[in-house]
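Biologist: I am new to this structure and would like to know what stands behind the words used for it. Could you go through them with me?

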Amino acid sequence: MEISALTRSVVKNNHAVIAPDGYINSCVPGWTNCTVNVIINEAMGANLCQTLITAQKDSTLKGKTKESQIFFYLISGNAKVHISGEGKKLSKGQFVYVPIGKEYVFEEISEGTKILTFHKVYEALEGYDIPEVIFGDAKDFPAPAYLGDEALRLQVLLPDHLSFDMAVNIFTYDSGGHLPLVETHIMEHGLMYLQGQGVYMLDHQWYPIKEGDSIWMAPYCQQWFTAMGKEPAVYIYYKNVNRFPT
Ligand code: UGY
Ligand code: MN
């Protein structure tokens, strides 16, 4: 029998590993007939929010972005999305970026659909317009080798443009592939594993990680990862960009 007093999840001052076994549901006004797990949030010391929405029967998500922009990514399932009049169907691997000040509606969401969200308070930049709504499909994005290593491939889902203050990327590691260095940087990350497993080093502590797990890394949390197992390890991650130092 499993011992319920054990978990791989940890919450520290500069990083967290959140495995699904510790999820407790939240209620978000406007998001109905779904479970919502707020995985990363300001309450833990982060400057971003990351949630996982799991649709039940007749689920709808209605809202208006205010100071935070929201990136919605379909991990599985289907939904129909309307953003300020523009409507599109989304399925696994597809996403919509909703900038500030836009109304959004998700409907016709198939039961069990899983939607990952990243939220960040938008920091405007003088001389640049607020970004527009963006629909996309991860499979349409190139996956070039990362820093010349063919075992690591990085897809950049949002435009590399100064009007954006956040990036969302998908990182794929062949088994045995690893970051070529211990990263030490000001940018913060929120991430979720879409596939596979491996070992993450966070602030010189070592964590086994697998599909479904999430990680928060505060600015300057030192980080390194190696993939293990029989399939590539894939994670989707958030990064704040283009606005510092001030
Ligand atoms: O973009 C990044 O900083 C990325 N290489 N970090 C990470 O995967 N932990
Ligand atoms: Mn990094």
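This is a predicted model: local features need pLDDT of at least 70, side-chain atom pairs count only at pLDDT 80 or more; totals for chains, interfaces and linings use all residues.

## Terms and values

Biologist: Where does Ser59 lie, and which residues is Ser59 in contact with?

Modeller: Ser59 is in strand β4; strands (E, at least two residues), like helices (H or I, at least four), are DSSP runs numbered from the N terminus. Contact means heavy atoms within 4.5 Å.

Biologist: What makes the approach of the Ser59 side chain to Asn33 a polar contact?

Modeller: The side chain of Ser59 reaches the backbone oxygen of Asn33 at 3.2 Å. A polar contact is a pair of N or O atoms within 3.5 Å; within protein, one must be able to donate a hydrogen and the other to accept it, and residues adjacent in sequence count only if both atoms are side-chain atoms. The pair at 3.2 Å therefore qualifies.

Biologist: How do you know whether Gln50 is buried or exposed?

Modeller: Gln50 has 0% relative accessibility, so Gln50 counts as buried. Gln50 also lies in strand β4, which spans residues 49-64. A polar atom of the Gln50 side chain is 3.1 Å from the backbone nitrogen of Leu191. Residues in contact with Gln50, beyond four places in sequence, include Ile39, Phe118, Leu191 and Ser214.

Biologist: What about Gly148: buried or exposed?

Modeller: At 68% relative accessibility, Gly148 counts as exposed. Gly148 is in the loop between β12 (145-146) and β13.

Biologist: What makes a space a pocket?

Modeller: On a 1 Å grid over the protein atoms alone, a pocket is an open set of points with protein on both sides within 12 Å along at least five of seven lines, and lining residues have an atom within 4 Å of a point; a cavity, by contrast, is a set where a 1.4 Å probe fits but cannot get out. Grid points are joined across faces, edges and corners, and a volume is the space filled by probe spheres set on the points.

Biologist: How big is the largest pocket, and which residues are closest to its centre?

Modeller: The largest pocket has a volume of about 430 Å³. Of its 21 lining residues, Ile75, Tyr193, Leu194, Gln195 and Glu211 are the closest to its centre. β15 gives the largest share of this lining, four residues.

Biologist: How is the lining of the largest pocket divided by class?

Modeller: The lining has eleven nonpolar, seven polar and three charged residues. Ala, Val, Leu, Ile, Met, Phe, Trp, Tyr, Cys and Pro count as nonpolar, Asp, Glu, Lys and Arg as charged, and the others, Gly among them, as polar.

Biologist: Which residues are around ligand 1?

Modeller: Tyr146, Phe171, Glu183, His185, His189, Tyr200, Gln223, Tyr235, Tyr237 and Lys239 are around ligand 1; each has a heavy atom within 4 Å of it. A polar side-chain atom of Tyr237 lies 2.7 Å from an oxygen atom of ligand 1, and Lys239 likewise has one 2.7 Å from an oxygen atom of ligand 1.

Biologist: What is the phi of His204?

Modeller: Most residues other than glycine have a negative phi, and most peptide bonds are trans. His204 has a positive phi of about 65° and is not a glycine. The peptide bond from Phe244 to Pro245 is cis, with omega near 0°.

Notes
Residues are numbered from 1 along each chain as its sequence is written. Chains are lettered from A and ligands numbered from 1 in the order in which they are written. Side-chain values use heavy atoms; hydrogens and water are left out. Buried means under 20% relative accessible area, exposed over 50%, partly exposed in between (1.4 Å probe, protein chains only).
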